[in-house]
Amino acid sequence: MSAPLLSVRDLKVTFAGRGRTVTAVDGVSFDIRPGEIFGLVGESGCGKSVTCRSLIRLFGGAAPSRMEGSITFEGRDLVTLRNSDFVDIRGSRIAMIFQDPMTALNPTMRIGRQIQEGLIRHGRLAGRTPRQAAVDLLKSVGVTAPERRLDAYPHAFSGGMRQRVLIAIALACRPKLLIADEPTTALDVTVQDQILKLILKLRAETGMAVLFVTHDLGVVAQTCDRVAVMYAGRIAETADTAQLFAKPSHPYTRALLGALPALHGKQDRLEPIGGAPPDLSAPPPGCRFHPRCRFAVGQCAREEPPLLDVEPGHLSACLRMKEIA
Ligand SMILES: Nc1ncnc2c1ncn2[C@@H]1O[C@H](COP(=O)(O)OP(=O)(O)OP(=O)(O)O)[C@@H](O)[C@H]1O
C-alpha cells in the first residue's frame with residue numbers, strides 16, 4: 001500500500017466569538033493516498049467544510065481561534081506552516097472547488113483570462129501560448145467550442161459549465177490533491193452525474209487525489225474509494241466504500257443509509273433521521289449521536305466511544321458496533 005499523500009491526525013478546530021466557543025472539528029484523523037478519492041459525508045454543520053478549509057487555511061468567515069493536531073502533506077505540517085509558505089501549497093499542490101460555481105468566478109472577467117491567469121502564475125504553458133493552453137484545459141474538462149467560450153463572461157455559462165470552468169482553473173496547476181466541497185449540490189441531477197464522471201476521468205488521467213465532501217451517500221457510492229462519515233465534529237465511521245455499504249457499523253451511518261432511496265430492488269419506505277444534530281458549542285456528553293440513536297443504552301450517554309476496528313481498514317465509534325454490524 002502506498003504512503004499517504006495527506007495525513008490528518010487529531011485535528012481540532014475551534015472558533016471563539018460572541019461569548020461562545022464552537023469546536024467545529026474535534027479530534028478528526030484520516031489519510032488520503034495518492035490518486036485516491038476520499039469522501040467526507042455527513043449532515044449540514046457536522047464540520048466537513050471546516051475540515052477541508054483547514055487543509056488550505058482558507059476560511060469563509062472568521063479564522064479559527066485555535067487549530068490543534070497535525071496535517072502532514074508531502075512531508076510538511078500544514079498546521080504549523082507559516083502563512084508565507086502556504087503560497088507554495090494553496091492553489092498549487094492543493095486546489096479547491098466549491099459548491100456554488102457562480103460566486104467562485106469573477107463575473108466581470110472573461111473566462112479565458114481567468115483560466116490563463118492560473119496557467120501563467122503556475123508556469124504550466126509548456127511552450128504553448130496562454131490562449132492555446134486555456135483551450136486545451138477547457139477541452140480536457142469537456143467544454144465544447146472552447147475557442148469561442150474563452151471570450152465569454154461567466155453569466156453566459158450554465159451551472160454545470162461554470163463548474164467545469166472552475167475545475168479547469170483548479171487543474172491549471174496540476175494539483176496533487178483536489179478538494180471538492182459539495183461540487184454538485186447546486187446542480188440538477190443529470191449535470192451532477194456528468195460532473196462526477198468528469199472528476200473520475202480526470203483522476204484517472206492525472207493521478208491526483210480528491211477529497212470529496214458531500215451530504216449524499218448516493219454520490220459517495222458513485223465516486224469514492226474510501227469514506228469517512230462525520231457527525232458533530234467527529235468521525236463516526238470510516239471504511240472502503242464497498243465495506244461501508246455492505247456492513248454499516250455505526251447507527252448514524254445506518255440512519256443515513258435508511259434515508260437514501262434504494263437504487264435497485266424494493267424498499268418499503270425511507271426512514272428520516274429523527275431530531276437534529278447538536279449545537280457544537282455544547283455537545284451532549286458520551287456519544288454525540290446518542291440522543292438520536294435508536295440503539296442507545298445508558299452507557300452511551302456517559303462514555304465517549306473510541307474509533308475501533310470492525311474489520312481491517314474499517315473503523316466505527318460505537319459502543320455497540322459488534323451487535324449493530
Ligand atoms: N468562521 C466560523 N465561525 C464560527 N463558527 C463557524 C465558522 N465556520 C464554521 N463554523 C461552525 O462550524 C460548524 C461546522 O460547519 P461546517 O461548515 O464545517 O459544516 P458542514 O458539515 O460543512 O455543513 P454544510 O454542508 O452546511 O456546509 C458549524 O456549527 C458552523 O456554524
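Student: How do the residues of the shell around the ligand divide into nonpolar, polar and charged?

Tutor: First, this is a predicted model, in which local features need pLDDT of at least 70, side-chain atom pairs count only at pLDDT 80 or more, and totals for chains, interfaces and linings use all residues. Residues are numbered from 1 along each chain as its sequence is written. In the classes, Ala, Val, Leu, Ile, Met, Phe, Trp, Tyr, Cys and Pro are nonpolar, Asp, Glu, Lys and Arg are charged, and the others, Gly among them, are polar. The shell then splits into eight nonpolar, seven polar and one charged.

Student: Which helix gives the most to the shell around the ligand?

Tutor: The ligand is surrounded by 16 residues, where near means a C-beta atom, placed from the backbone, within 6 Å of it. Strand E2 (20-32) and helix H1 (48-56) each bring at least two of the shell residues; helices (H or I, at least four residues) and strands (E, at least two) are DSSP runs, numbered from the N terminus. The top contributor, with three residues, is H1.

Student: At what angle do helix H3 and helix H4 pack?

Tutor: Gly112, Ile115, Gln116, Leu119 and Ile120 in H3 meet Pro130, Arg131, Ala133, Ala134 and Leu137 in H4, contact being C-beta atoms, placed from the backbone, within 7 Å. H3 and H4 are therefore roughly perpendicular, a label for 65 to 115 degrees. Axes are lines fitted to C-alpha atoms over the stretch in contact, and angles run from 0 to 180 degrees between N-to-C directions. For H3 (residues 111-121) and H4 (residues 130-140), the axes are 9 Å apart and the angle is about 105°.

Student: Is leucine 244 buried or exposed?

Tutor: Leucine 244 sits in helix H9 (residues 241-246), and it touches Val227, Glu237, Ala239 and Thr253, not counting residues up to four places away in sequence. A residue is buried if 20 or more other C-beta atoms, placed from the backbone, lie within 10 Å of its own, exposed if 12 or fewer, and partly exposed in between. Leucine 244 has 28 other C-beta atoms within 10 Å, so it is buried.

Methods
Angles under 35 degrees count as roughly parallel, over 145 as roughly antiparallel, 65 to 115 as roughly perpendicular and the rest as oblique. Two residues are in contact if their C-beta atoms, placed from the backbone, lie within 7 Å.
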